[in-house]
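Please open the structure in a viewer and keep the selection tool at hand.

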Amino acid sequence: MVETNHSGQDQPTPTPALRIRREATQAEIDSLPHVADKVPFAAWAVVLAGAAERFTYFGIISPWQNHMQNPRGNGALPGILGLGQSTAVNIYNAFFLFSFLTPTFFALVADLWLGRFKTLMGGLGLYLAGCVILTTTSLPSAIDRGAGVGGLAASLILIGLGAGAVKATFFALLGDQYVQRKPQLEERKNGKSVIIDGSMTLTLMYNAYYWFTNVASLSSIPVTFLEVHFDFWVAYLLATSALALCLLLFLLWAGKLVKIVPQGSVLPQAARALTCAARSGFKLENAKQSYQKAHYGRTVSWSDRLVDELGRGLIACRVIFSLVVFYLCINQMYNNLISQAGQVNLSGVPNDMIQAFSGVGCIIFGPVLQAMYGVLGRYGIKFPPIARMTAGFVFCAAAMAYAAGFQQMIYSTGPCFEQPLACDASNGSTIPNQVSVWVQLPVYALMAIGEIFTYVTAFEYAYNKSPKEIKTVVQALTQLTACVASALGMAISPVAKDPYMVIFYSCLAGAMALTAVLFWWRFRKYDRIDAHLNESSYAETSDDASGSPSLSSDPEKKLGGTVGEEVLEAEASRTPRESIDARR
């Protein structure tokens, strides 16, 4: 086991073959191509174990819509409980809401007591128990004895707790496996010089994780075939076996992982600093020691560095909380789009298997977009986080618009037109509207690109911006966005039914497009601020640093005084030496 404190001083570092590696100057950073560093084995170990967990997750949730919506022996579509589409969607959203609320609890446990790794292992134990209950209560004999509803309820709670522990700890644990440094100049054996960029390395790690997890998400293909041709319990058994493998991999590789040991929490001090800022005009800068001493003669217990980090963390939370509509659209893949597929000609393919093509899209487009980032880096073209997330919103809006168009095509086709599978001509819900399900595929391709741009970037952004001591808590707070989206999904679920689905998808597309515009308008300045801070932090120190440009002197870069933003404004206005000293 490799353990380290928050400074990361004892962490293992990659030692690639090279001739020279040193801290780069600002001129070198601006002129040389940027490349990612070597990803350490510990990070790959976390990625592979995480992929096994995602195999289970998607293998478990993929059959749920049919499990809950359709009764047993319902002609063309398999089922167990027969609760109907709206109720099934409501339960689905309730599960997502619960699983996105629990990360906050597990994050506090991780940062205050057990650490990320032990918290993750405990959560995976609950997760496995839930999967076992779901599998056993889906057996025909258990269903005949009335265990279906109770078993599903118990498994939803335990799986929700386990998924919450994973969401709270996993992304931070993966980020911990690589120690970010200032840009390094590396002269390679071929004589070429490049800049080793830590942020590009984190992007590579998270994109690699996302690629592997999307390969794992294809578990929805075998489980849905098992569900149709054998039974639900067989499908759940396959998914449960993968989770057992995940636990085994983590146990085998535990000694090779970097584990941050909890050394007390800054949460109480952070709360006091935020309270102090609220009492001082809602400006975080006013919570600093110097301001409190000068204006109130008060000595505070927290450092100026903590205030700076809280400012960046608040910015990250504000950005991530803007993803509500994005999560609401993504959730459609697991309920309403599955129901939409069930209304058309499936050509022998299970309706809940089609959403697996989102994972296929991520597998195809993930390496393409990662290669695009590499090409842009080599040519010095920046594609920063806010721009990437905005692009993801646009693709997601296009996906919902296409879904609306596909739904209109379904309603325009017989035999049941606006009431698919619900008219006499459907012959007992066995004859769908005569549209091919493969026409639905562009929805998943567009959503895959949107997920890569937005989802991966969002977690990378949250990890980079959050204070070192409470990264797990900030990661967990970002899950509240998905929680709000699930609550909103529950609120609108009564209208998610025929013949209103064209309007439903059109409204989602419009809301997502409007979110993209507002998001870019409100947050694009953070990309400029980050670029300015990086230039200040890594600029060469000169004898006269007083000529450093001030962010506040540029009218286009003035911030509005919102809590958290003035910290960035002040930091961006420092001289290079002041910025470097403040970050030490």
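The expected span of a helix is 1.5 Å times one less than its number of residues. This rule can be applied to helix H16, so please select residues 356-378. Helix H16 has 23 residues and should therefore span 33 Å; its end C-alpha atoms lie 34 Å apart, which agrees. The model is a predicted one.

Remain on H16 and select phenylalanine 365, where the helix bends by about 30°. A proline, proline 367, follows within four residues. Just after H16, glycine 380 has a positive phi of about 70°.

**The whole protein**

Please now zoom out. The protein comprises 22 helices and eight strands, and 55% of its 584 residues count as buried. Among contacts with a separation of 6 or more, 80% are between residues 24 or more positions apart. The protein exposes about 22800 Å², of which carbon and sulfur atoms supply 63%.

**Helix H17**

Select residues 385-411, which form helix H17, and within them highlight glutamine 407. Is glutamine 407 buried or exposed? With a relative accessible area of 1%, below the 20% limit, glutamine 407 counts as buried. Beyond its neighbours within four places in sequence, glutamine 407 is in contact with Gln340, Gln343, Asp498, Met501, Val502 and Tyr505.

Next, select glycine 392, also placed in H17. Glycine 392 is buried, its relative accessible area being 0%. Not counting residues up to four places away in sequence, glycine 392 touches Gly450, Phe453 and Thr454. A distance drawn from glycine 392 to alanine 448, C-alpha to C-alpha, is 9.1 Å, although the two are 56 residues apart in sequence.

**The loop between H17 and E8**

Proceed to the loop between H17 and strand E8 (433-436), in which proline 415 is placed. A cis peptide bond joins glycine 414 and proline 415, with omega of about 10°. In this loop, select phenylalanine 417 as well. Its phi is near 50°, a positive value in a residue other than glycine, and phenylalanine 417 is partly exposed at 43% relative accessible area. Leucine 421 is found in this loop too. Leucine 421 has a positive phi near 65° and is buried, with a relative accessible area of 18%.

Select aspartate 498 and proline 499: the peptide bond between them is cis, with omega near 5°. Proline 499 is placed in the loop between helix H19 (471-492) and helix H20 (501-538).

**The salt bridge**

How many salt bridges does the structure hold? It holds one. Select arginine 54 and glutamate 53, which form a salt bridge with their closest N and O atoms 2.7 Å apart. Arginine 54 is buried at 12% relative accessible area, and glutamate 53 counts as buried at 2%.

**A surface patch and a covered helix**

Select Leu108, Leu112, Trp113 and Leu114, which make a nonpolar surface patch of about 400 Å². Leucine 112 belongs to helix H4 (residues 85-114) and counts as partly exposed at 47% relative accessibility.

For the last stop, select helix H14 (residues 324-331), which is mostly covered, with eight of its eight residues buried. Among them are Phe326, Tyr327, Cys329 and Asn331.

Note on methods: Residues numbered from 1 in each chain as written. Predicted model: local features only at pLDDT ≥ 70, side-chain atom pairs only at ≥ 80, totals over all residues. Heavy atoms only, no water. Helix = DSSP H or I, 4+ residues; strand = E, 2+ residues; numbered from the N terminus. Buried < 20%, exposed > 50% of the residue type's maximum accessible area, 1.4 Å probe, protein only. Contact = heavy atoms within 4.5 Å. Bend = angle between axes of the 7 residues up to and from the residue. Salt bridge = Lys/Arg side-chain N within 4 Å of Asp/Glu carboxyl O. Patch = residues over 30% accessible without salt bridge, like charges linked within 9 Å, V, L, I, M, F, W, Y side chains within 5 Å. Areas by Shrake-Rupley, 256 points an atom, 1.4 Å probe, with all protein chains shown as cover.
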